[in-house]
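Take a moment with the sequence and the 3D structure below. Then read on with both in view.

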Amino acid sequence: MMRRRTTLLAGCTALVLALGATACGGGEPVAAGGGDKSLDGQTVTVAGVWSGSEQKNFQKVLDAFTEKTGAKTQFVSTGDNVSTVVGSKIEGGNAPDVVMVPQVGVLKQFAGQGWLKPLDKKVQSAVGANFAEVWQNYGSVDGTLYGLYFKAAHKSTVWYSPEALEQAGVAEPRTYDEMLKNGRTISDSGLAAFSVAGQDGWTLTDWFENVYLSQAGPEKYDALAAHEIKWTDPTVVDALTTLGKLFKDKQLIAGGQKGALNTDFPGSVEKVFGPEAEAAMVYEGDFVAGVAKDQFGRTIGTDAEFFPFPPVGGGEAPVVSGGDAAVVLKDGKNSEAGMALVEYLASPEAAAVWAEAGGFLSPNKKLDLSSYGDDVTRATAESLVKAGDSVRFDMSDQAPAAFGGTKGAGEWKILQDFLRDPSDPAKTAAELEKAAAKAYGN
(Lines give C-alpha, C1' and ligand atoms only; values in the text may rest on other atoms or scores of the structure.)
Protein backbone atom coordinates (compact mmCIF):
# COMPACT_ATOMS: atom_id res chain seq x y z
CA MET A 1 0.00 0.00 0.00
CA MET A 2 1.18 3.50 -0.53
CA ARG A 3 0.82 4.67 3.02
CA ARG A 4 1.27 1.83 5.38
CA ARG A 5 3.44 2.51 4.78
CA THR A 6 4.37 1.08 3.23
CA THR A 7 9.74 3.16 5.37
CA LEU A 8 15.42 3.53 4.05
CA LEU A 9 18.88 4.89 3.20
CA ALA A 10 22.62 4.92 3.57
CA GLY A 11 24.13 1.60 4.39
CA CYS A 12 25.87 0.75 7.63
CA THR A 13 26.72 -2.93 8.08
CA ALA A 14 27.15 -4.46 4.64
CA LEU A 15 25.56 -7.78 3.89
CA VAL A 16 26.44 -10.06 1.03
CA LEU A 17 23.74 -10.11 -1.62
CA ALA A 18 23.90 -13.75 -2.60
CA LEU A 19 22.10 -14.68 -5.76
CA GLY A 20 20.01 -17.76 -5.29
CA ALA A 21 17.06 -19.86 -6.21
CA THR A 22 14.13 -20.55 -3.94
CA ALA A 23 15.31 -21.26 -0.39
CA CYS A 24 12.49 -22.89 1.48
CA GLY A 25 14.68 -24.46 4.15
CA GLY A 26 14.21 -27.83 5.91
CA GLY A 27 11.78 -30.42 4.69
CA GLU A 28 10.67 -30.69 1.10
CA PRO A 29 10.65 -27.35 -0.76
CA VAL A 30 7.79 -26.35 -2.96
CA ALA A 31 8.67 -27.64 -6.39
CA ALA A 32 9.95 -25.27 -9.05
CA GLY A 33 8.68 -24.95 -12.57
CA GLY A 34 5.20 -26.35 -12.90
CA GLY A 35 5.29 -27.70 -9.33
CA ASP A 36 4.03 -30.99 -7.99
CA LYS A 37 0.52 -29.58 -7.66
CA SER A 38 0.44 -30.87 -4.08
CA LEU A 39 -2.26 -28.34 -3.16
CA ASP A 40 -4.44 -28.98 -6.19
CA GLY A 41 -8.07 -28.13 -5.54
CA GLN A 42 -7.40 -26.11 -2.40
CA THR A 43 -8.06 -22.39 -2.06
CA VAL A 44 -6.07 -19.90 0.00
CA THR A 45 -7.83 -16.69 1.03
CA VAL A 46 -5.49 -13.72 1.50
CA ALA A 47 -6.45 -10.37 3.04
CA GLY A 48 -4.36 -7.22 2.72
CA VAL A 49 -4.48 -3.47 2.47
CA TRP A 50 -3.47 -3.34 -1.18
CA SER A 51 -5.68 -2.08 -3.97
CA GLY A 52 -5.16 -0.79 -7.49
CA SER A 53 -1.75 -1.49 -9.03
CA GLU A 54 -0.38 -3.00 -5.80
CA GLN A 55 -3.19 -5.54 -5.66
CA LYS A 56 -2.73 -6.27 -9.36
CA ASN A 57 0.99 -6.90 -8.93
CA PHE A 58 0.53 -9.02 -5.79
CA GLN A 59 -1.96 -11.10 -7.76
CA LYS A 60 0.89 -11.97 -10.13
CA VAL A 61 2.73 -13.42 -7.13
CA LEU A 62 -0.35 -15.38 -6.11
CA ASP A 63 -0.76 -16.63 -9.66
CA ALA A 64 2.85 -17.87 -9.64
CA PHE A 65 2.08 -19.73 -6.40
CA THR A 66 -0.93 -21.32 -8.07
CA GLU A 67 1.19 -22.40 -11.02
CA LYS A 68 3.68 -24.09 -8.67
CA THR A 69 1.27 -25.80 -6.30
CA GLY A 70 -2.15 -25.99 -7.92
CA ALA A 71 -3.73 -24.03 -5.04
CA LYS A 72 -6.17 -21.32 -6.04
CA THR A 73 -6.08 -17.97 -4.29
CA GLN A 74 -8.61 -15.31 -3.42
CA PHE A 75 -7.48 -11.81 -2.39
CA VAL A 76 -9.64 -9.56 -0.19
CA SER A 77 -8.72 -5.87 0.06
CA THR A 78 -9.25 -4.56 3.60
CA GLY A 79 -8.38 -0.90 3.15
CA ASP A 80 -6.34 0.74 5.93
CA ASN A 81 -8.53 -0.70 8.71
CA VAL A 82 -7.04 -4.17 8.42
CA SER A 83 -7.43 -5.06 12.11
CA THR A 84 -11.10 -4.11 12.17
CA VAL A 85 -11.92 -5.98 8.96
CA VAL A 86 -10.01 -9.11 9.94
CA GLY A 87 -11.50 -9.07 13.45
CA SER A 88 -15.03 -8.92 12.06
CA LYS A 89 -14.29 -11.78 9.63
CA ILE A 90 -12.98 -13.94 12.45
CA GLU A 91 -16.06 -13.21 14.56
CA GLY A 92 -18.26 -14.03 11.58
CA GLY A 93 -16.59 -17.39 11.03
CA ASN A 94 -15.11 -16.29 7.72
CA ALA A 95 -11.44 -15.73 8.64
CA PRO A 96 -8.93 -15.50 5.79
CA ASP A 97 -6.04 -17.98 5.78
CA VAL A 98 -3.29 -15.38 5.37
CA VAL A 99 -3.21 -11.68 6.19
CA MET A 100 -0.64 -9.21 4.90
CA VAL A 101 -0.21 -7.09 8.04
CA PRO A 102 1.13 -3.55 7.45
CA GLN A 103 2.18 -2.61 10.99
CA VAL A 104 4.25 -4.21 13.73
CA GLY A 105 1.69 -2.98 16.24
CA VAL A 106 -1.11 -4.82 14.43
CA LEU A 107 0.95 -8.01 14.23
CA LYS A 108 1.50 -7.84 17.99
CA GLN A 109 -2.22 -7.17 18.49
CA PHE A 110 -3.17 -10.23 16.41
CA ALA A 111 -0.70 -12.41 18.29
CA GLY A 112 -1.87 -11.10 21.65
CA GLN A 113 -5.45 -12.00 20.77
CA GLY A 114 -4.41 -15.54 19.92
CA TRP A 115 -5.33 -15.24 16.25
CA LEU A 116 -2.03 -16.36 14.73
CA LYS A 117 -0.30 -19.65 14.04
CA PRO A 118 3.46 -19.63 14.61
CA LEU A 119 5.31 -20.04 11.32
CA ASP A 120 6.42 -23.65 10.92
CA LYS A 121 10.01 -24.93 10.83
CA LYS A 122 10.27 -24.82 7.03
CA VAL A 123 9.25 -21.16 6.96
CA GLN A 124 11.52 -20.38 9.90
CA SER A 125 14.43 -21.95 8.04
CA ALA A 126 13.71 -19.92 4.90
CA VAL A 127 13.40 -16.68 6.88
CA GLY A 128 16.64 -17.41 8.73
CA ALA A 129 18.48 -17.98 5.46
CA ASN A 130 17.02 -15.11 3.44
CA PHE A 131 16.40 -12.22 5.84
CA ALA A 132 18.46 -10.10 8.22
CA GLU A 133 17.83 -10.73 11.89
CA VAL A 134 16.09 -7.38 12.31
CA TRP A 135 13.27 -8.50 9.98
CA GLN A 136 12.92 -11.74 11.94
CA ASN A 137 12.67 -9.75 15.16
CA TYR A 138 9.95 -7.47 13.78
CA GLY A 139 8.01 -10.55 12.71
CA SER A 140 8.26 -12.13 16.17
CA VAL A 141 6.33 -11.69 19.41
CA ASP A 142 7.89 -12.95 22.65
CA GLY A 143 10.43 -14.95 20.68
CA THR A 144 7.90 -16.70 18.42
CA LEU A 145 8.03 -16.00 14.68
CA TYR A 146 4.58 -15.15 13.34
CA GLY A 147 5.25 -12.82 10.39
CA LEU A 148 7.24 -12.98 7.14
CA TYR A 149 8.10 -9.54 5.77
CA PHE A 150 7.44 -9.88 2.07
CA LYS A 151 7.22 -6.24 0.97
CA ALA A 152 9.24 -3.39 2.42
CA ALA A 153 9.27 0.37 2.12
CA HIS A 154 12.40 2.50 2.20
CA LYS A 155 11.46 5.61 4.12
CA SER A 156 14.77 7.47 4.22
CA THR A 157 14.73 8.83 0.69
CA VAL A 158 14.43 12.46 -0.43
CA TRP A 159 13.17 12.77 -4.01
CA TYR A 160 14.04 15.71 -6.22
CA SER A 161 13.95 17.25 -9.65
CA PRO A 162 17.50 17.14 -11.07
CA GLU A 163 16.63 20.11 -13.26
CA ALA A 164 15.64 22.22 -10.24
CA LEU A 165 18.86 21.46 -8.34
CA GLU A 166 20.94 22.08 -11.45
CA GLN A 167 19.31 25.46 -12.09
CA ALA A 168 19.98 26.48 -8.49
CA GLY A 169 23.57 25.29 -8.74
CA VAL A 170 23.39 22.88 -5.80
CA ALA A 171 24.25 19.20 -5.46
CA GLU A 172 22.86 16.37 -3.35
CA PRO A 173 23.51 17.29 0.31
CA ARG A 174 25.71 15.27 2.63
CA THR A 175 24.20 16.53 5.90
CA TYR A 176 20.82 17.74 7.17
CA ASP A 177 22.15 21.29 7.65
CA GLU A 178 23.51 21.27 4.11
CA MET A 179 20.11 20.13 2.86
CA LEU A 180 18.47 23.17 4.48
CA LYS A 181 21.23 25.46 3.20
CA ASN A 182 20.78 24.13 -0.33
CA GLY A 183 17.04 24.52 0.11
CA ARG A 184 17.44 28.23 0.80
CA THR A 185 19.60 28.58 -2.31
CA ILE A 186 16.90 26.84 -4.33
CA SER A 187 14.28 29.16 -2.86
CA ASP A 188 16.40 32.17 -3.85
CA SER A 189 16.27 30.87 -7.43
CA GLY A 190 12.47 31.16 -7.38
CA LEU A 191 11.25 27.67 -6.49
CA ALA A 192 10.30 26.47 -3.03
CA ALA A 193 12.72 23.89 -1.63
CA PHE A 194 10.32 21.33 -0.16
CA SER A 195 6.83 20.08 -0.71
CA VAL A 196 5.51 18.81 2.65
CA ALA A 197 2.39 16.61 2.89
CA GLY A 198 1.15 17.96 6.20
CA GLN A 199 -2.48 17.03 5.53
CA ASP A 200 -1.43 13.41 6.03
CA GLY A 201 -0.14 13.14 9.59
CA TRP A 202 1.77 9.93 8.85
CA THR A 203 4.26 11.79 6.66
CA LEU A 204 5.16 14.03 9.61
CA THR A 205 5.85 10.99 11.80
CA ASP A 206 8.25 9.82 9.10
CA TRP A 207 10.05 13.18 9.12
CA PHE A 208 10.41 12.96 12.89
CA GLU A 209 11.60 9.34 12.86
CA ASN A 210 14.42 10.01 10.41
CA VAL A 211 15.63 13.02 12.36
CA TYR A 212 15.32 11.18 15.68
CA LEU A 213 17.07 7.98 14.56
CA SER A 214 20.02 9.92 13.15
CA GLN A 215 20.30 12.43 15.98
CA ALA A 216 19.51 10.25 19.01
CA GLY A 217 20.77 6.90 17.71
CA PRO A 218 19.26 3.41 17.40
CA GLU A 219 19.21 2.54 21.13
CA LYS A 220 17.16 5.60 22.02
CA TYR A 221 14.97 4.98 18.96
CA ASP A 222 14.20 1.45 20.15
CA ALA A 223 13.48 2.69 23.68
CA LEU A 224 11.13 5.43 22.48
CA ALA A 225 9.36 3.03 20.11
CA ALA A 226 8.66 0.72 23.06
CA HIS A 227 7.77 3.69 25.30
CA GLU A 228 10.58 2.69 27.65
CA ILE A 229 11.56 6.35 27.73
CA LYS A 230 9.11 9.22 27.75
CA TRP A 231 8.42 11.54 24.88
CA THR A 232 9.52 14.35 27.18
CA ASP A 233 13.09 12.94 27.01
CA PRO A 234 15.60 15.65 25.97
CA THR A 235 16.39 13.68 22.80
CA VAL A 236 12.79 14.11 21.64
CA VAL A 237 12.85 17.83 22.32
CA ASP A 238 16.14 18.08 20.41
CA ALA A 239 14.69 16.24 17.40
CA LEU A 240 11.57 18.41 17.39
CA THR A 241 13.78 21.50 17.56
CA THR A 242 15.75 20.26 14.56
CA LEU A 243 12.58 19.49 12.63
CA GLY A 244 11.12 22.84 13.64
CA LYS A 245 13.94 24.65 11.84
CA LEU A 246 12.46 23.36 8.61
CA PHE A 247 8.80 23.69 9.55
CA LYS A 248 9.05 27.34 10.63
CA ASP A 249 11.04 28.48 7.61
CA LYS A 250 8.41 29.72 5.15
CA GLN A 251 11.15 30.14 2.56
CA LEU A 252 11.71 26.38 2.50
CA ILE A 253 8.16 25.00 2.30
CA ALA A 254 5.88 25.37 -0.71
CA GLY A 255 2.87 27.41 0.41
CA GLY A 256 4.33 27.80 3.90
CA GLN A 257 2.85 25.98 6.86
CA LYS A 258 -0.72 26.59 5.72
CA GLY A 259 0.03 25.24 2.28
CA ALA A 260 1.69 22.15 3.74
CA LEU A 261 -1.28 21.43 6.01
CA ASN A 262 -3.53 21.52 2.94
CA THR A 263 -1.32 19.14 0.92
CA ASP A 264 -1.83 15.36 1.00
CA PHE A 265 0.83 12.85 -0.01
CA PRO A 266 -0.05 12.56 -3.73
CA GLY A 267 -0.34 16.36 -3.84
CA SER A 268 3.13 16.72 -2.36
CA VAL A 269 4.58 14.58 -5.15
CA GLU A 270 2.64 16.58 -7.73
CA LYS A 271 4.17 19.84 -6.48
CA VAL A 272 7.59 18.50 -7.45
CA PHE A 273 6.91 16.24 -10.41
CA GLY A 274 3.57 17.52 -11.73
CA PRO A 275 3.05 19.74 -14.79
CA GLU A 276 3.57 22.96 -12.82
CA ALA A 277 6.38 22.51 -10.33
CA GLU A 278 6.11 24.41 -7.06
CA ALA A 279 9.01 22.77 -5.21
CA ALA A 280 12.31 21.03 -5.91
CA MET A 281 12.22 18.23 -3.32
CA VAL A 282 9.75 16.00 -1.50
CA TYR A 283 10.68 13.71 1.36
CA GLU A 284 8.99 10.31 1.59
CA GLY A 285 9.59 6.66 0.91
CA ASP A 286 10.57 4.81 -2.24
CA PHE A 287 6.89 4.76 -3.25
CA VAL A 288 7.26 8.41 -4.35
CA ALA A 289 8.78 6.99 -7.52
CA GLY A 290 5.60 5.10 -8.36
CA VAL A 291 3.47 8.24 -8.12
CA ALA A 292 5.96 10.33 -10.10
CA LYS A 293 6.10 7.69 -12.82
CA ASP A 294 2.51 6.47 -13.02
CA GLN A 295 0.62 9.70 -12.36
CA PHE A 296 2.95 12.33 -13.79
CA GLY A 297 4.89 10.46 -16.46
CA ARG A 298 8.32 11.07 -14.98
CA THR A 299 11.25 8.89 -15.95
CA ILE A 300 12.85 7.59 -12.78
CA GLY A 301 16.59 8.21 -12.84
CA THR A 302 16.34 10.98 -15.41
CA ASP A 303 13.85 13.62 -14.25
CA ALA A 304 13.11 12.09 -10.85
CA GLU A 305 15.98 11.13 -8.55
CA PHE A 306 16.60 10.61 -4.84
CA PHE A 307 19.33 11.03 -2.26
CA PRO A 308 19.56 9.37 1.16
CA PHE A 309 17.97 11.26 4.04
CA PRO A 310 21.14 12.99 5.26
CA PRO A 311 22.68 12.49 8.71
CA VAL A 312 21.74 14.97 11.41
CA GLY A 313 24.14 16.66 13.80
CA GLY A 314 27.06 14.29 13.35
CA GLY A 315 24.95 11.14 13.66
CA GLU A 316 24.68 8.26 11.22
CA ALA A 317 22.41 8.47 8.20
CA PRO A 318 19.01 7.00 9.18
CA VAL A 319 17.63 3.77 7.77
CA VAL A 320 13.89 3.77 8.49
CA SER A 321 11.69 1.13 6.95
CA GLY A 322 8.17 -0.19 6.91
CA GLY A 323 6.67 -3.30 5.47
CA ASP A 324 3.90 -5.82 5.07
CA ALA A 325 4.21 -9.16 6.88
CA ALA A 326 2.41 -12.37 5.91
CA VAL A 327 0.78 -14.09 8.89
CA VAL A 328 -1.33 -17.26 9.09
CA LEU A 329 -4.62 -17.19 11.01
CA LYS A 330 -5.57 -20.09 13.24
CA ASP A 331 -9.23 -19.78 12.24
CA GLY A 332 -8.62 -19.87 8.50
CA LYS A 333 -10.39 -22.68 6.68
CA ASN A 334 -7.17 -23.72 4.95
CA SER A 335 -4.31 -22.63 7.16
CA GLU A 336 -2.09 -25.51 5.99
CA ALA A 337 -2.17 -24.20 2.44
CA GLY A 338 -1.79 -20.71 3.88
CA MET A 339 1.47 -21.80 5.53
CA ALA A 340 2.66 -23.13 2.16
CA LEU A 341 1.94 -19.71 0.64
CA VAL A 342 4.02 -17.98 3.32
CA GLU A 343 6.83 -20.46 2.65
CA TYR A 344 6.67 -19.46 -1.00
CA LEU A 345 6.63 -15.74 -0.12
CA ALA A 346 9.85 -16.26 1.86
CA SER A 347 11.66 -17.26 -1.35
CA PRO A 348 13.57 -14.93 -3.68
CA GLU A 349 11.55 -16.46 -6.52
CA ALA A 350 8.32 -14.96 -5.18
CA ALA A 351 9.93 -11.58 -4.54
CA ALA A 352 11.28 -11.53 -8.10
CA VAL A 353 7.76 -11.72 -9.54
CA TRP A 354 6.72 -8.38 -8.01
CA ALA A 355 10.19 -6.82 -8.40
CA GLU A 356 9.92 -7.33 -12.15
CA ALA A 357 6.44 -5.79 -12.15
CA GLY A 358 7.67 -2.66 -10.33
CA GLY A 359 6.54 -0.65 -7.32
CA PHE A 360 8.13 -3.07 -4.88
CA LEU A 361 11.10 -3.52 -2.57
CA SER A 362 12.05 -6.76 -0.87
CA PRO A 363 14.08 -7.21 2.32
CA ASN A 364 15.02 -10.69 1.01
CA LYS A 365 18.81 -10.60 0.76
CA LYS A 366 18.85 -13.56 -1.68
CA LEU A 367 16.83 -11.68 -4.31
CA ASP A 368 18.90 -11.00 -7.41
CA LEU A 369 18.99 -7.21 -7.79
CA SER A 370 18.74 -7.58 -11.55
CA SER A 371 15.09 -8.48 -10.95
CA TYR A 372 14.30 -4.79 -10.43
CA GLY A 373 13.35 -2.91 -13.57
CA ASP A 374 15.36 0.29 -13.17
CA ASP A 375 18.62 1.48 -11.65
CA VAL A 376 17.00 3.79 -9.08
CA THR A 377 14.78 1.07 -7.62
CA ARG A 378 17.74 -1.28 -7.71
CA ALA A 379 19.86 1.20 -5.75
CA THR A 380 17.09 1.76 -3.22
CA ALA A 381 16.65 -1.97 -2.69
CA GLU A 382 20.38 -2.51 -2.37
CA SER A 383 20.69 0.20 0.29
CA LEU A 384 17.85 -1.37 2.28
CA VAL A 385 19.41 -4.83 2.23
CA LYS A 386 22.96 -3.59 2.85
CA ALA A 387 21.74 -1.74 5.94
CA GLY A 388 21.18 -5.16 7.49
CA ASP A 389 20.38 -5.00 11.19
CA SER A 390 20.81 -1.22 11.32
CA VAL A 391 17.34 -0.86 9.78
CA ARG A 392 14.73 0.43 12.18
CA PHE A 393 11.03 -0.15 11.55
CA ASP A 394 8.75 2.87 11.31
CA MET A 395 8.21 3.92 14.94
CA SER A 396 4.57 4.95 14.60
CA ASP A 397 3.84 1.56 13.00
CA GLN A 398 5.18 -0.10 16.14
CA ALA A 399 2.92 1.98 18.41
CA PRO A 400 -0.67 1.27 19.40
CA ALA A 401 -2.91 2.55 16.61
CA ALA A 402 -4.53 5.08 18.95
CA PHE A 403 -1.19 6.86 19.19
CA GLY A 404 0.69 6.13 15.98
CA GLY A 405 -1.91 5.29 13.36
CA THR A 406 -5.15 7.24 13.73
CA LYS A 407 -6.15 10.19 11.59
CA GLY A 408 -6.90 13.31 13.60
CA ALA A 409 -5.57 11.85 16.85
CA GLY A 410 -2.40 11.00 18.74
CA GLU A 411 0.97 11.55 17.12
CA TRP A 412 -0.50 12.42 13.73
CA LYS A 413 -2.55 15.34 15.02
CA ILE A 414 0.08 16.57 17.48
CA LEU A 415 2.73 16.76 14.77
CA GLN A 416 0.28 18.56 12.49
CA ASP A 417 -0.22 21.07 15.31
CA PHE A 418 3.57 21.33 15.59
CA LEU A 419 3.85 22.03 11.86
CA ARG A 420 1.25 24.77 12.31
CA ASP A 421 3.22 26.28 15.21
CA PRO A 422 6.70 24.83 15.83
CA SER A 423 7.67 27.48 18.39
CA ASP A 424 7.54 25.28 21.52
CA PRO A 425 9.11 21.82 21.03
CA ALA A 426 9.00 21.07 24.78
CA LYS A 427 5.24 21.65 24.86
CA THR A 428 4.77 19.38 21.84
CA ALA A 429 6.88 16.70 23.53
CA ALA A 430 4.67 16.90 26.62
CA GLU A 431 1.54 16.50 24.49
CA LEU A 432 3.08 13.49 22.72
CA GLU A 433 3.92 11.89 26.06
CA LYS A 434 0.40 12.42 27.37
CA ALA A 435 -1.10 10.73 24.30
CA ALA A 436 1.49 7.94 24.29
CA ALA A 437 1.01 7.13 27.98
CA LYS A 438 -2.70 6.77 27.42
CA ALA A 439 -2.29 4.54 24.35
CA TYR A 440 0.47 2.33 25.79
CA GLY A 441 -1.17 2.14 29.20
CA ASN A 442 1.96 3.24 31.04
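This is a predicted model: local features need pLDDT of at least 70, side-chain atom pairs count only at pLDDT 80 or more; totals for chains, interfaces and linings use all residues.

Residues are numbered from 1 along each chain as its sequence is written, and side-chain values use heavy atoms, with hydrogens and water left out.

Start with charge. A salt bridge here is a side-chain nitrogen of Lys or Arg within 4 Å of a carboxyl oxygen of Asp or Glu. The rule gives 14 salt bridges. One of them pairs Lys122 with Glu343, where the closest N and O atoms are 3.9 Å apart. Find Lys122 in helix 4 (residues 121-130) and Glu343 in helix 14 (residues 335-345). The two are 221 residues apart in sequence, so their pairing ties those parts together. Helices (H or I, at least four residues) and strands (E, at least two) are DSSP runs, numbered from the N terminus.

Are the two partners buried or exposed? Buried means under 20% relative accessible area, exposed means over 50%, and partly exposed lies in between (1.4 Å probe, protein chains only). Lys122 has 28% relative accessibility, so Lys122 counts as partly exposed. Glu343 has 3%, so Glu343 counts as buried.

Now look at Arg392 and Asp222. Their salt bridge has its closest N and O atoms 2.8 Å apart. This pair also links distant parts of the chain. Arg392 sits in strand 13 (residues 392-393), Asp222 sits in helix 9 (residues 218-225), and 170 residues separate them. Arg392 is buried at 14% relative accessible area. Asp222 is partly exposed at 33%.

Other partners sit within one helix. Asp417 forms a salt bridge with Arg420, with 2.9 Å between the closest N and O atoms. Both belong to helix 19 (residues 410-420). They are 3 residues apart, so about one helical turn separates them. Asp417 is partly exposed at 26%, and Arg420 is partly exposed at 47%. Elsewhere, salt bridges that share partners join Lys155, Asp206 and Asp394 into one network.

Next comes packing. Helix 1 (residues 52-69) packs against helix 14 at an angle of about 110°, with the axes 11 Å apart. Axes are lines fitted to C-alpha atoms, for helices over the stretch in contact, and angles run from 0 to 180 degrees between N-to-C directions. Angles under 35 degrees count as roughly parallel, over 145 as roughly antiparallel, 65 to 115 as roughly perpendicular and the rest as oblique. Helix 1 is therefore roughly perpendicular to helix 14.

Which residues of helix 1 and helix 14 meet? Contact means heavy atoms within 4.5 Å. From helix 1, the residues include Phe58, Leu62 and Lys68. From helix 14, they include Ala337, Leu341 and Tyr344. The contact has 10 nonpolar residues, no polar ones and 1 charged. Ala, Val, Leu, Ile, Met, Phe, Trp, Tyr, Cys and Pro count as nonpolar, Asp, Glu, Lys and Arg as charged, and the others, Gly among them, as polar.

Finish with helix 8 (residues 201-216) and helix 10 (residues 234-247). They pack at about 125°, with their axes 9 Å apart. Helix 8 and helix 10 are therefore oblique to each other. In helix 8, Trp207, Phe208 and Gln215 are among the residues in contact. In helix 10, Asp238, Leu243 and Phe247 are among them. By class, this contact has 12 nonpolar, 3 polar and 1 charged residues.
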